[in-house]
2 protein chains.
Amino acid sequence: MTDHPWPDVDIERDMLAAAGLELVAGPANEGPSPSAVEAMIAANDPVAIMTCWARVTAAAIAAPSDLALVARLGVGLDNIDIDAATRRGTWVTNVPDYCTDEVSDHAVALVLDAYRGISRLSAAVRAGTWDPSSGKSLLRVREATVGIIGFGRIGRMTGSKLAAFGCEILGYSRSLAKGRREFYEAVDLAEIAARSDVVIMHAPLTPDSHHLLDDAFFLSLKRKPLIVNLGRGAIIDTDALVRALGGGYVSAAALDVLESEPSVPSTLRERANVVLTPHVGASSTASLIDLRRRASEEVVRVLRGDAPIFPCNLPARAESAQA
Amino acid sequence: MTDHPWPDVDIERDMLAAAGLELVAGPANEGPSPSAVEAMIAANDPVAIMTCWARVTAAAIAAPSDLALVARLGVGLDNIDIDAATRRGTWVTNVPDYCTDEVSDHAVALVLDAYRGISRLSAAVRAGTWDPSSGKSLLRVREATVGIIGFGRIGRMTGSKLAAFGCEILGYSRSLAKGRREFYEAVDLAEIAARSDVVIMHAPLTPDSHHLLDDAFFLSLKRKPLIVNLGRGAIIDTDALVRALGGGYVSAAALDVLESEPSVPSTLRERANVVLTPHVGASSTASLIDLRRRASEEVVRVLRGDAPIFPCNLPARAESAQA
């Protein structure tokens, strides 16, 4: 296990031990460097790699004498060289639905924070200012048209929650045919840019989504929206966002993920209309227990020779992966 | 118009002028003292009193030679001596539904802020701490049982929005028969105290609701709830709440109204688990325009001899009130 953003690995160790497996754990909190991960893999010759944030490179995947799976403790797969795993016949798995509620709760929380001024006004009251007239710049959530980019499991849940506030919901995914259904209208990116008062990013980071929100996107905005990012930092070109905030193309930003995390650019930190949370969108007491149990179960399942429940690739030589 | 928590009175003045009526306006922002209101009334001999936060006493209501109505620019009526108005044959009106969305948006915003840690974590990131492991203490909104005290127009709207997150909704109003229906279960106060993870106060301030949440209520809590107040400050005994926070009977508080407002007790301001907003729950750009237009229309309507749309009393001698 390359890294773990929780203090201990008792859940993982106990579940693996019950199946006769030994866990070797990397550092808590901060993800180790790719070379540190490669050294750890080379030293331990694991049959499975579990990973949170650390990069699992082709070299790390090539090193073990036998490697049945790389299990991501999370949803996104951008830190794993999936092609390298596929080539050597190794499963890649994730846990796609442990945090559907958390991420969508967090997205709506960030929208409501901006519309109702909670963090800003609470800081002002704490600093000694009680000003009821500050309410005149707050906004009615019902009047917002919300464009959601990445309209899978999580994006739809965010949309259904905001629909209960009376918002108009626009959804965009590359695979989604245009048209109105249920509580949303499926549109293209240009329409998201033209019609949204709030743009929420729920897409995964892939080569196609890298810097999807760039100068051209921000220039195409019509309604000076709030930008909310619950996907990955690098989906937004940070410098372009800073320019868009400065030029008034967007009214505010609420970001749970940053291109440079854990480093926070002062160009974002010092703006009053930017709210930042430290990549906790998927986290809750309940979701982290879910995640750790289910990732551990997946490792046990694949190592005893069964197919994974949440495969993210089809290994080139499946028979060798089920050793 | 005794007071107005917005900088100008152009909307009110223009609408009254169009009906041939003259507006005399008291101070912006801070409500004047009862004696200042009484002096203003005595000096101007109005046929109608419009009021936001200032107290309109029996003496103020008795002074004018003819007084058709006291129009509250808002929902709550705790600052108006309704009995005195009724006795002298004066209508009391309010605008009950201009802010149903805003207050319920604000209530959900405060719940989500507590469950997702937005204001707390955003302040930490701003101060230089990026700690993803802080997510382990966040909470899944779906798992919350939410007890709403004051289950009228606004309370139901808050309930319906939180039901979209999967919360179990308990509603209490004195007039509400117990039982399960639509998206909620109507219960008594004891059950609210026993079952709620979140208690949201939406009740109006009346002699019956004064200090409704007192030591006895906090002692009867079973699940260490978050306490949210969108009603009036004096519905909660502040000292009892501080004791309940200190003793661990409640986990946190999010208050838009305070017993002592505009003064903020340091016992609340200095606690990390208390979020405070400055009585802006009803406010938005849209709601304040709605409110000001509709209160002015009500004054014009009653002064031309029609019955009000939102009467809050039945004046003793209606014929003299319609002079």
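Pro262(A) sits in the loop between β10 (252-255) and α11 (266-269) of chain A. In this predicted model, the peptide bond leading from Glu261(A) into Pro262(A) is cis, with omega near 10°. Chain B has a cis bond too, from Glu261(B) to Pro262(B), again with omega near 10°. Pro262(B) is placed in the loop between β10 (252-255) and α11 of chain B.

Now for how the chains sit together. Two copies of a chain are related by a rotation about an axis and a shift along it. Here, chain A can be laid on chain B by a turn of 180° and a shift of 0.0 Å along the axis, with an RMSD of 0.1 Å. That is how a two-fold axis relates its copies. Within chain A, the C-alpha nearest that axis belongs to Ser119(A), and the distance is 2.2 Å. What about the surfaces that meet? Of the interface residues of chain A, 100% are also interface residues in chain B, so the copies meet through the same surface.

Helix α5 turns up on both sides of this pairing. The axes of α5(A) and α5(B) come within 9 Å and cross at roughly 130°. With that angle, α5(A) counts as oblique to α5(B). The crossing of this pair is left-handed. On the chain A side, the contact is made by Glu102(A), Asp105(A), His106(A), Val108(A), Ala109(A), Leu112(A), Asp113(A) and Arg116(A). On the chain B side, the residues are Glu102(B), Asp105(B), His106(B), Val108(B), Ala109(B), Leu112(B), Asp113(B) and Arg116(B).

The crossing of α5(A) and α7(A) is right-handed, whereas that of α5(A) and α5(B) is left-handed. From α5(A), the residues taking part are Thr100(A), Asp101(A), Val103(A), Ser104(A), Asp105(A), Ala107(A) and Val108(A). From α7(A), they meet Arg153(A), Ile154(A), Met157(A), Thr158(A), Lys161(A) and Leu162(A). The tally for the contact of α5(A) with α7(A) is 6 nonpolar, 3 polar and 4 charged. Asp105(A) and Val108(A) are listed in this contact and in the contact with α5(B).

Next comes helix α6 of chain A, residues 118-126. Which of its residues are buried? They are Ile118(A), Ser119(A), Leu121(A), Ser122(A) and Val125(A). Just after α6(A), Gly128(A) takes a positive phi of about 110°.

Some residues other than glycine take a positive phi as well. That stands out because most residues other than glycine have a negative phi. Glu182(A), which is not a glycine, has a positive phi of about 40°. Its place is the loop between β6 (179-181) and β7 (184-186) of chain A. Glu182(A) is exposed, with a relative accessible area of 68%. His211(A) is not a glycine either, and has a positive phi of about 55°. This histidine lies in the loop between β8 (198-201) and α9 (215-219) of chain A. At 22% relative accessibility, His211(A) counts as partly exposed.

Finally, two buried residues of chain B. Ser133(B) lies in the loop between α6 (118-126) and β4 (145-149) of chain B. Is Ser133(B) buried or exposed? With a relative accessible area of 7%, Ser133(B) is buried. Leaving aside its neighbours within four places in sequence, its contacts are with Pro5(A) and Asn29(A). Ala85(B), in helix α4 (residues 82-87) of chain B, is buried as well, with a relative accessible area of 0%. Not counting residues up to four places away in sequence, Ala85(B) touches Ile61(B), Thr90(B), Val92(B) and Asn313(B). The C-alpha atoms of Ala85(B) and Ala39(B), which are 46 residues apart along the chain, are separated by 18 Å.

Definitions and conventions
Residues numbered from 1 in each chain as written. Chains lettered and ligands numbered in written order. Predicted model: local features only at pLDDT ≥ 70, side-chain atom pairs only at ≥ 80, totals over all residues. Heavy atoms only, no water. Least-squares fit on C-alpha atoms with pLDDT ≥ 70 in both. Contact = heavy atoms within 4.5 Å. Helix = DSSP H or I, 4+ residues; strand = E, 2+ residues; numbered from the N terminus. Buried < 20%, exposed > 50% of the residue type's maximum accessible area, 1.4 Å probe, protein only. Left-handed = near helix turned anticlockwise from the far one by under 90°. Nonpolar A, V, L, I, M, F, W, Y, C, P; charged D, E, K, R; others polar. Axes fitted to C-alpha atoms, helices over the stretch in contact; angles between N-to-C directions. Parallel < 35°, antiparallel > 145°, perpendicular 65-115°, else oblique.
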